[in-house]
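I opened the model to look up a few local features. My entries follow the order in which I looked.

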Amino acid sequence: MKDADRLPRDVLADEKHTWLNGERAYVATTVGAACVLGASLAWHADEKELTEAYQLFKTEVQNVAPQYQPETVNTDGWAATQAAWRTLFTSITLIVCFLHAFLKIRDRCQRMPEHFTEICRRVWEAYHAPTALQFRQKCDTLKNWAAVTLSPGPGLDAILKLCERAPLFARAYDHPTAHRTSNMLDRLMDHMDRRFYAAHYFHGHLLTAEYAVRAQALLANFLPYCPRAAVTKQYLSPTHKLNGFVYHDNWLHNLLVSASMGGFRQ
């Protein structure tokens with residue numbers, strides 16, 4: 001990054017589950033502007049270790065802009081993730097991912113063929129409500145309909161949980177540019193997952209695995225877009241779009257020049 005004004009004010013964060021020497025590990029991943037902005041391994045998904053892992057993003061981004069504070073971060077419901085971000089950025093607003101809530105409903109209601117389509121319609125109708133007040137009203141309507149229509153069980157519980165958390169989801173209306181779902185992060189994590197699987201995950205030391213994770217993040221940012229994509233008429237890669245310029249038309253030369261100082265100004 002060269003221009004601090006281009007740093008995204010709204011980011012997304014989650015942990016990618018992976019394996020190191022057969023033991024489960026977690027890649028604390030920060031995404032913004034369709035780029036991986038931070039990725040670091042943690043042995044455990046508790047508050048202490050996730051705070052240390054996400055600290056790397058804070059350290060590197062504040063090397064570009066010392067006063068940088070993201071306005072919002074989209075996370076799932078994992079308490080340790082949310083606590084880590086509150087610790088690192090005390091003024092940040094946590095945006096709970098609506099998509100994760102819907103996916104739980106989808107998975108638990110698929111065996112209700114007579115109601116499944118209507119459930120999905122009502123959930124997404126609430127999501128598309130233009131104001132926070134209308135969103136909460138539609139959640140109340142969904143709650144009342146589900147309580148009367150559906151039989152007790154996991155499906156009904158998932159719907160009621162979404163409706164009870166309506167005030168948390170409604171926070172996003174105060175931040176129009178915030179990410180209400182984790183779609184951007186999920187797309188990049190899919191890329192990450194395929195590469196980790198192809199390498200049969202990680203073997204050796206934590207540090208070598210950390211280097212591999214960061215290398216994968218750089219590739220995700222600098223590899224050129226598909227030539228058939230419309231975005232290629234303006235930009236070569238996600239990094240080009242984020243920075244607004246490239247050092248070289250060859251993506252690998254651009255990566256080598258951009259990363260020549262290891263992410264730190266000198």
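**Helix packing**

I looked at one helix pair and found that helix 9 and helix 11 are oblique to each other, because angles under 35 degrees count as roughly parallel, over 145 as roughly antiparallel, 65 to 115 as roughly perpendicular and the rest as oblique. Helix 9 (residues 206-222) and helix 11 (residues 251-258) pack at about 130°, and their axes are 10 Å apart. Axes are lines fitted to C-alpha atoms, for helices over the stretch in contact, and angles run from 0 to 180 degrees between N-to-C directions. I noted the crossing of helix 9 and helix 11 as right-handed; a crossing is right-handed if the near helix is turned clockwise from the far one by less than a right angle, and left-handed if anticlockwise. Leu 218, Leu 219 and Phe 222 in helix 9 contact Trp 251, Asn 254, Leu 255 and Ser 258 in helix 11 (contact means heavy atoms within 4.5 Å).

**Basis**

This is a predicted model, in which local features need pLDDT of at least 70 and side-chain atom pairs count only at pLDDT 80 or more, while totals for chains, interfaces and linings use all residues. Residues are numbered from 1 along each chain as its sequence is written, and side-chain values use heavy atoms, with hydrogens and water left out. Helices (H or I, at least four residues) and strands (E, at least two) are DSSP runs numbered from the N terminus.

**Strand 4**

I checked the side chains of strand 4 (residues 72-75): Thr 72 and Asn 74 point one way, Val 73 and Thr 75 the other, and all are buried (buried is under 20% relative accessible area, exposed over 50%, partly exposed in between, with a 1.4 Å probe and protein chains only). Strand 1 (residues 10-20) runs parallel to strand 4, joined by 3 bridges, and strand 5 (residues 93-96) is also parallel to strand 4, with 4 bridges. Two strands pair if DSSP finds at least two bridges between them. Val 73 stands opposite Val 11 and also opposite Leu 94 in strand 5.

**Trp 19**

I found Trp 19 in strand 1. Trp 19 is partly exposed, at 33% relative accessibility. Leaving out residues up to four places away in sequence, Trp 19 touches Arg 24, Ala 25, Tyr 201 and Phe 202.

**Positive phi**

I looked up Ala 33 in the loop between strand 2 (23-32) and strand 3 (35-42). Ala 33 is not a glycine, yet has a positive phi of about 55°. Ala 34, in the loop between strand 2 and strand 3, has a positive phi near 65°.
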